[in-house]
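Please open the model in your viewer and keep the selection panel at hand. The stops below proceed from backbone details to packing.

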Amino acid sequence: MKSIVIERAGGAEVLMMKEMPDLAPRYGEMIVDVAFAGVGLVDILIRRGEFRELFPFPVIPGLEVSGYVRSIGDGVEGFRIGQPVASMKLLEVGGYATQARVTPQLTVPLDALGGDLNLAEAAASIVNLTTAYFAVKQVNRMREGDTVLVHAAAGGLGSFLGQIAKQFGAGTVLGTVGSPDKIKLASSLGYDELLLRSDFVDEAKRIAGAQGVDAVFDPVGGETRARSLELLKPLGQIIALGNASGGELMHPTNDIWLGNQNIAGFNLGAYAAYDPVAVGRAARDALQLLASGEVRAEVQGIYPMENASEAHRLLESGRTTGKLVLQMS
């Protein structure tokens with residue numbers, strides 16, 4: 001099989017194409033012939049060496065794939081050879097290859113969903129859409145009519161959070177973006193209005209009113225998260241979904257206590273290690289919304305696997321909207 005391997009920390013130039021032995025399934029696993037693999041921020045962080053303790057070098061990055069079942073190990077039921085699937089490789093990565101080892105609990109049979117969902121959209125969506133679905137439904141437990149703010153609203157995760165919030169009954173859904181050219185995407189991504197992140201507090205108060213918002217979904221972190229506390233209603237919640245800014249701020253617990261606020265965290269990979277069945281169920285439900293057309297995927301670009309470094313550079317530039325994918329075959 002062909003794979004993209006990272007042997008040392010560095011820039012996009014360290015992504016190297018290599019031939020490796022074909023995979024054979026172990027007990028409770030399947031092997032998938034990969035058609036597409038999603039490109040995400042975690043892949044970049046792995047490449048930079050920021051997750052070296054979890055994923056030591058050499059490593060094949062890639063958290064999400066789609067393709068066709070190649071072989072099935074003992075103990076696996078409910079799948080067949082040649083079946084189209086999408087799968088999350090949250091616990092061991094390895095998606096940037098023409099073959100991937102997957103677990104059935106985190107794999108969704110696409111032909112069981114009905115509707116019209118292609119393999120590229122499935123690979124682009126499964127991790128971010130499942131994260132959005134779980135964060136809105138299980139972590140925040142959104143109520144009908146809630147006012148919501150989403151940071152990085154035009155990114156891979158943010159492009160789903162606004163739509164999923166609307167699916168679960170949010171009244172007003174606001175989002176922040178890093179550049180003015182992304183504001184025009186508001187309606188296509190489920191947002192009532194998009195705001196520049198540089199001035200989001202005053203603008204959000206103007207729209208939502210002095211009381212503020214019920215929930216903030218934040219994959220950015222740092223100063224953005226700290227300023228978001230100014231917007232929360234009493235009993236409002238910040239859901240921390242990442243730390244793309246790289247900034248780390250301590251939040252005074254007395255302020256959170258006296259303000260009747262709360263900050264919750266959600267990481268899909270860590271939760272999948274705890275309860276893969278629940279995460280797999282959420283993935284099926286989330287992809288069902290995509291297959292039925294109730295939510296839409298924003299795929300900005302599809303790159304041949306040999307151009308993975310180009311996709312990494314574009315994602316790092318901050319100029320993307322939606323998701324990038326690699327075509328592996």
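**Backbone, helix pair and core**

Begin by selecting A152, which counts as partly exposed at 24% relative accessibility; this lies between the 20% and 50% limits of that class. The model is a predicted one. A152 sits in the loop that links strand 8 (147-150) to helix 3, and its phi is near 55°, a positive value in a residue other than glycine.

Select N260 next, in the loop between helix 6 (253-258) and strand 13 (262-265). Its phi is likewise positive, near 55°, and N260 is partly exposed, with a relative accessible area of 43%. Most residues other than glycine have a negative phi, and most peptide bonds are trans.

Then display F57 and P58, which are joined by a cis peptide bond with omega of about -5°. P58 belongs to the loop between helix 1 (41-48) and strand 4 (64-72).

Now show helix 2 together with helix 3 (residues 158-167): the two pack at an angle of about 40°, and their axes are 9 Å apart. Helix 2 is therefore oblique to helix 3. On the helix 2 side, select S125, N128, L129, A132, Y133 and V136; on the helix 3 side, F160, L161, I164 and A165. This contact has 8 nonpolar, 2 polar and no charged residues.

Finally, turn to the largest nonpolar core, of 93 residues, in which M88, L161, Y191, F217, L287 and L326 touch the most other members. Helix 2 (residues 119-140) gives the most to this core, with 13 residues. A second, separate core has 12 residues, including L149, F200, L231 and I238.

Note on methods. Residues are numbered from 1 along each chain as its sequence is written. This is a predicted model: local features need pLDDT of at least 70, side-chain atom pairs count only at pLDDT 80 or more; totals for chains, interfaces and linings use all residues. Side-chain values use heavy atoms; hydrogens and water are left out. A nonpolar core is a set of buried Ala, Val, Leu, Ile, Met, Phe, Trp, Tyr and Cys residues joined through side-chain atoms within 4.5 Å. Buried means under 20% relative accessible area, exposed over 50%, partly exposed in between (1.4 Å probe, protein chains only). Helices (H or I, at least four residues) and strands (E, at least two) are DSSP runs, numbered from the N terminus. Axes are lines fitted to C-alpha atoms, for helices over the stretch in contact, and angles run from 0 to 180 degrees between N-to-C directions. Angles under 35 degrees count as roughly parallel, over 145 as roughly antiparallel, 65 to 115 as roughly perpendicular and the rest as oblique. Contact means heavy atoms within 4.5 Å. Ala, Val, Leu, Ile, Met, Phe, Trp, Tyr, Cys and Pro count as nonpolar, Asp, Glu, Lys and Arg as charged, and the others, Gly among them, as polar.
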